[in-house]
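I opened this model to look up its confidence, its sheet and its core. My notes are below the display.

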Amino acid sequence: MKNNFLNKMDFIIFVVIFISLLVIYMNYTNTKKFKENPISKYSKQQIEDKRVELVSIIEKKFYLSLDIPIIVMDNKNLIFKNSRAWGITEYKNGNIKIYIKKNILKESEKYVLNTVLPHEFAHAIMFKNNHFYEGKEGHNSKWKEICETISNDTCSMYVDREKVVKQKIDAFFSF
Ligand SMILES: [Zn+2]
């Protein structure tokens, strides 16, 4: 009787360990696949749709034509060197470009669309109006006001971990 119980426990423990290892392995291969491949067509389209939406909002609200590219870059790219930022808005010789870190799309695509992109476009609007880094590396009250005008977000300088997790959970339950 006792022996039988132990065997059952052994079996349960074996199954639990086996499933855990399987989950770890699947997670590992998914991460590897994501790292080695370009972002999906679906993600690309989501970003492009959001870009077009923001460009049109900016045209209406600020009378500015900001048809600028969004470039998804590998984390190892020089543009992100020594930076913990998820996105960077670059102003070079009058040209504005927005860079997004590739692996954050894996973290939370919704957060990128709803928070990171408006955040970066607000920087672009500031640049376009010749406001360059007046305090808080450009994240001043003027920037915040612009960012909140073009999004439904409470814009902040840093990544809001809580919001990322929340949007991740929302995305999970929306399937
Ligand atoms: Zn910023």
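**Model and confidence.** I am working with a predicted model, in which local features need pLDDT of at least 70, side-chain atom pairs count only at pLDDT 80 or more, and totals for chains, interfaces and linings use all residues. I number residues from 1 along each chain as its sequence is written. I looked up pLDDT, the predictor's confidence in each residue, from 0 to 100. The protein chain averages 87, and 97% of the residues score at least 70. Confidence is highest in helix 2 (residues 41-62), at a mean of 96, and lowest in helix 6 (residues 161-173), at 73. Helices (H or I, at least four residues) and strands (E, at least two) are DSSP runs, numbered from the N terminus.

**Domains.** I checked the domain assignment of the protein chain, whose bounds come from an automatic or database assignment. I found domain 1 at 1-37 and domain 2 at 39-173. Their C-alpha centres lie 39 Å apart.

**Sheet.** I counted two strands as paired if DSSP finds at least two bridges between them. Three strands make an open, mixed sheet in the order 1-3-2. Strand 1 (70-73) and strand 2 (87-92) are its edges, each pairing on one side only. Neighbouring strands are turned by 30° against each other on average, direction ignored; axes are lines fitted to C-alpha atoms, for helices over the stretch in contact, and angles run from 0 to 180 degrees between N-to-C directions.

Strand 1 runs parallel to strand 3 (residues 95-101), joined by four bridges. Strand 2 pairs with strand 3 in the antiparallel sense over six bridges. I100 in strand 3 stands opposite V72 and is also the bridge partner of G87. Strands 2 and 3 form a hairpin with two residues between them, and N93 in the turn has a positive phi of about 45°.

**Core.** I took a nonpolar core as a set of buried Ala, Val, Leu, Ile, Met, Phe, Trp, Tyr and Cys residues joined through C-beta atoms within 7 Å. Buried means 20 or more other C-beta atoms within 10 Å of a residue's own, with C-beta atoms placed from the backbone. The largest core has 25 residues, of which V112, F121, A122, I125, I146 and I150 touch the most other members. Helix 2, strand 3, helix 4 and helix 5 (141-150) each give two or more residues. Helix 4 gives the largest share, eleven residues.

I then listed the contacts (C-beta atoms, placed from the backbone, within 7 Å). Neighbours within four places in sequence aside, A122 touches W143, I146, C147, I150 and C155.

Technical notes: A residue is buried if 20 or more other C-beta atoms lie within 10 Å of its own, exposed if 12 or fewer, and partly exposed in between; C-beta atoms are placed from the backbone. Two residues are in contact if their C-beta atoms, placed from the backbone, lie within 7 Å.
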